Amino acid sequence: MPAGPGEGGPEDHAGGSWLPGLHEGLLEEPQQRRSRRSALQILDAARAVLARDGVDGFTMAAVSEASGISIGGIYGRFDGKQGLMRAVGDMVLTRLEDDLTERLGEADTSLADVVRAFVTCLSEDVASQAVHPLAEHSADDEPLRARRLRARERMFAAFRQAVLRHGDEIRHEDPETALLTVFHLCLGSFLTAYGLGEGPGLPRSSAHLRDELARAGLAYLTSPA
């Protein structure tokens, strides 16, 4: 079967930095342990602000209040609001990559288990890790956009690797196309749903969307055409 995007697999994910997600060159390692703790404190607070308030509400004042660190202290560790946003994006995307890889590695009983684990991870992490506002902001930020594209490749590689362990269950005439379709259908559905909020024409809940996407994805992979 031909290799798809991210064919190197999740093992190609670089690691070993002081903080997972910051090995992409978007933030230098603080030299002091106390500075590293403060940077982590700021990043976690910034992620929470972004998830709660979106890009428009992402301000240094809001992050300062959430982290308990002065605005001057934040500027002393990050290259302004843009630098902080990039570091948050790097951290969030790596957490999503790592969480997805771990869950798919544990879901090894059947193709249905793999699809379910994939969709469940997306349903939880896209909301909690502020992935949607980052995706929206990255359109205007080239380094963050490039990071987002690498994350998508790594996530697809992990999904593809897990699915192909159960390749004998796939009945679609073009497995590679089917894999890409299910991957983008699920990821795009959660990004759209969380970006639009609640209202007519949207899923009743994330659990309902998760269950329906799992059924649809499995059915598509196991249907002959």
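The briefing that follows takes up confidence, fold, core and pocket in turn.

This is a predicted model, and its chain of 225 residues contains 9 helices and 0 strands. The mean pLDDT of the chain is 81, with 78% of residues reaching 70 or more.

**Confidence**

- Among the helices, confidence is highest in H2 (residues 60-67), where the mean pLDDT is 95, and lowest in H6 (residues 131-138), where the mean is 74.
- Residues 1-26 have a pLDDT below 50, although in the model this stretch makes 61 contacts beyond near neighbours in sequence.
- Where pLDDT is low, predicted coordinates should not be read in detail.

**Overall fold**

- Along the sequence the chain reads α-α-α-α-α-α-α-α-α, and 44% of its residues are buried.
- Of the contacts between residues at least 6 apart in sequence, 70% join residues that are at least 24 apart.

**Nonpolar core**

- The largest nonpolar core comprises 54 residues, and the members that touch the most others are Leu84, Leu104 and Phe118.
- Helices H1 (33-53), H2, H4 (80-106), H5 (111-128), H6, H7 (142-164), H8 (175-196) and H9 (206-222) each contribute at least two residues to this core.
- In soluble globular proteins, nonpolar side chains tend to be buried together.
- Once neighbours within four places in sequence are set aside, Phe118 is in contact with Leu100, Leu104, Phe159, Val182, Phe183 and Cys186.

**Methionine 91**

- Met91 belongs to helix H4, and because its relative accessible area is 0%, which falls under the 20% cut-off, this residue counts as buried.
- Although Met91 and Leu43 are separated by 48 residues in sequence, their C-alpha atoms lie 8.1 Å apart in space.

**Largest pocket**

- The largest pocket holds about 240 Å³ of space and is lined by 15 residues, of which Ala135, Arg148, Arg152, Leu187 and Leu191 lie nearest its centre.
- Helices H4, H6, H7 and H8 each supply at least two residues of this lining, and H7 gives the most, with 5 residues.
- By class, the pocket lining consists of 10 nonpolar, 3 polar and 2 charged residues.
- One of the helices that contribute to the lining is H6, which is also the helix where confidence is lowest, at a mean of 74.

Terms used:
Residues numbered from 1 in each chain as written. Predicted model: local features only at pLDDT ≥ 70, side-chain atom pairs only at ≥ 80, totals over all residues. Heavy atoms only, no water. pLDDT = per-residue confidence, 0-100. Helix = DSSP H or I, 4+ residues; strand = E, 2+ residues; numbered from the N terminus. Contact = heavy atoms within 4.5 Å. Core = buried A, V, L, I, M, F, W, Y, C linked by side-chain atoms within 4.5 Å. Buried < 20%, exposed > 50% of the residue type's maximum accessible area, 1.4 Å probe, protein only. 1 Å grid on protein atoms, 1.4 Å probe; cavity = no way out; pocket = protein on both sides within 12 Å on 5 of 7 lines; lining within 4 Å. Points joined across faces, edges and corners; volume = space filled by probe spheres on them. Nonpolar A, V, L, I, M, F, W, Y, C, P; charged D, E, K, R; others polar.
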